Amino acid sequence: MPSKGKVIINLNQTIGTINPAVYGHFIEHLGRCIYPGIWVGENSETPNDKGLRRDVVEALGRISLPVMRWPGGCFADHYHWGDGVGPRGHRPVRVNITWGGEEPNAFGTDEFLYFCSRVGAEPYICLNVGSGSVSEASSWVEYCNYAGSSSYAQLRAEHGVKKPHHVRYWGVGNENWGCGGDFDPVYYAWEYRRYACFLKRVDPSIQLIACGHTTRDWNLRFMECLKDHIHLIDHLSIHHYFGGHGGDIDFTDEQYYSLLGSVQDLEYQLQQAIAVVDFFAEGRKDIGIIVDEWGTWYPQATVEKGLFQQNTVRDAILAASVLNLFNNYSRKVAMANLAQTVNVLQSLILTEGSQTVLTPTYHVFDMYKAHMGNTALAVDVDSPTIMELRPPTQRRARAQRVKKPMQALDISASLRRGENQLVLTLVNQHLTEEVETDIVLEGNLTVEKGEVTVLTAENVRAHNDFNAFNRVKPKHEGIEVSGKTFTYTAPAHSVNTLVIRLK
């Protein structure tokens, strides 16, 4: 007999609008992400679009990729944008002081922005604060966005782009508490204020992302320093990587559960960041939270290996649970960026020569795109309990709260009102048991018809590679639904997207 669960969806109790940018991604000059994961050059035998891998561009376009962050990551705070514009044959080769090797600068600003235009993504550029200057950052904004006849606008035109790119999102540094300069929060606040003051003058329409943190009191001290300059902050970013739960393929059942249970740590960090920005900005400005680096990071992903790791069904389930979390915090989460899109960490795509593999995580983003722009709905979940999660150790007790028992069902729901379309993403985290779930709608609408997409495999360690491209792939089917209550049985360790037409 399957386990039993119940989900009550209130069609009139809304949380907020799900910003499509929550399903964003991130690329960095690291390992095989850019070269050759995205850029192969115009003379490559790999089919390309002005040097961009055509297969990668097409695959990313299919998932309606909303926003792409670049050039880092740690790389951003020693990247000088002037090295990556103009004729590629004249661009300097630099040492990649963070990740090793040499940077040819073949993929620069105009290549990145062309890439974004081809995949349909909005660009998000991370500025160099650690080793750069306000002048350099301001000129980059001018190069990208100014519509007049200034020298940088003319330089852009000389490089073949007459119209401004209108880049909206600009990050003021990356991890400036660490690889971005080892700043303390007070010093970074002074630097942020100086950068933001001039950047907003170059283009008042841009949105600036401040570098936040998830440890100690960084966000509190940063916001305290800028409490009289809240108008300069549009978003605060945090990063979260999931590690310490076994390897990419070799992990125990207990490590599977502990990894999924650690999503509660990210939720706690979101709550803390939201509390700080709301305290300082309440009544004056709505500052969004951006999780512009997140994903799994296993021991196999070393610098020597270009941070490459394999991507299993477990990664897909984690990604789905995190995206459910972002949906359920849509009131404040304005963007998120999975690290990193191709060949690095929890990537969507793997490349080898002219071949590409779509990972299980790629399929999750394809399944979840139906949520984009919808209104997130409150969901009441009665789920079977899988296990009690271990309390934090004494050493870490101050940094973590005691975790709630781990539930089999992890869920988010949204409504596209103009089309009366309900989207329910349901993750069954139980390794061995399916869950028969009664789904109840509260509101004036009733169910007309529905379909479901399911992603799972017999083994949660299953993955796609160049010997088996489609070992893990989603299945699509119609489901019999009607009225205000219906039942759906979710397979063990699975991600399920139900799209329900209402009337």
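This structure holds one disulfide, a term used here for a pair of cysteine sulfur atoms within 2.5 Å. Before we follow it, a word on the source: this is a predicted model, in which local features need pLDDT of at least 70 and side-chain atom pairs count only at pLDDT 80 or more, while totals for chains, interfaces and linings use all residues. Residues are numbered from 1 along each chain as its sequence is written, and side-chain values use heavy atoms, with hydrogens and water left out.

The disulfide is formed by cysteine 74 and cysteine 179, whose sulfur atoms are 2.1 Å apart. The link of cysteine 74 and cysteine 179 is left-handed, with -90 degrees about the S-S bond. Cysteine 74 sits in the loop between β5 (67-70) and β6 (94-95), and cysteine 179 in the loop between β9 (169-171) and α5 (185-202), so the bond ties together parts that are 105 residues apart in sequence. Helices here are DSSP runs of H or I with at least four residues, strands are runs of E with at least two, and both are numbered from the N terminus. Cysteine 74 counts as buried at 14% relative accessibility, whereas cysteine 179 is partly exposed at 39%. For these words, buried means under 20% relative accessible area, exposed means over 50%, and partly exposed lies in between, with a 1.4 Å probe and protein chains only.

What about cysteine 197? Its closest cysteine sulfur, in cysteine 225, is 17 Å away, too far for a bond. Cysteine 225 is in no disulfide either, as the nearest cysteine sulfur, that of cysteine 211, is 14 Å away. Cysteine 197 is partly exposed at 25%, and cysteine 225 is partly exposed at 30%.

The 18 residues of α5 should span 26 Å at 1.5 Å a residue, and its end C-alpha atoms are 25 Å apart, which agrees; the expected span is 1.5 Å times one less than the number of residues. Which residues of α5 are buried? They are Pro185, Tyr188, Ala189, Glu191, Tyr192, Tyr195, Ala196, Leu199 and Lys200. These residues cover an arc of only 165 degrees around the axis, which puts them on the same side of α5; the arc is that of the directions from the helix axis to the C-beta atoms. An α-helix has 3.6 residues a turn, so residues three or four places apart point the same way. On the other side of α5, Trp190 and Arg201 are exposed.

Helix α10 (residues 360-368) gives another picture. Eight of its nine residues are buried, so α10 is largely enclosed by the rest of the structure. Among the buried residues of α10 are Tyr362, His363, Phe365 and Tyr368.

Now look for the second largest pocket, which holds about 630 Å³ of space. On a 1 Å grid over the protein atoms alone, a pocket is an open set of points where a 1.4 Å probe fits, with protein on both sides within 12 Å along at least five of seven lines, and lining residues have an atom within 4 Å of a point. Grid points are joined across faces, edges and corners, and the volume is the space filled by probe spheres set on the points. Of the 25 residues that line this pocket, Glu267, Asn328, Lys404, Leu409 and Asp410 are the closest to its centre. Elements that each supply at least two lining residues include α8 (263-281), α9 (313-328) and β19 (409-416), and the largest share, five residues, comes from β16. By class, the lining has 13 nonpolar, eight polar and four charged residues. Here Ala, Val, Leu, Ile, Met, Phe, Trp, Tyr, Cys and Pro count as nonpolar, Asp, Glu, Lys and Arg as charged, and the others, Gly among them, as polar.

Finally, a few backbone details deserve a visit. Most residues other than glycine have a negative phi, and most peptide bonds are trans. A cis peptide bond joins tyrosine 35 and proline 36, with omega about 5 degrees, and another joins alanine 339 and glutamine 340, with omega about -20 degrees. Asparagine 105 has a positive phi, near 60 degrees, and is buried at 1%. Histidine 166 also has a positive phi, near 55 degrees, but is exposed at 56%.
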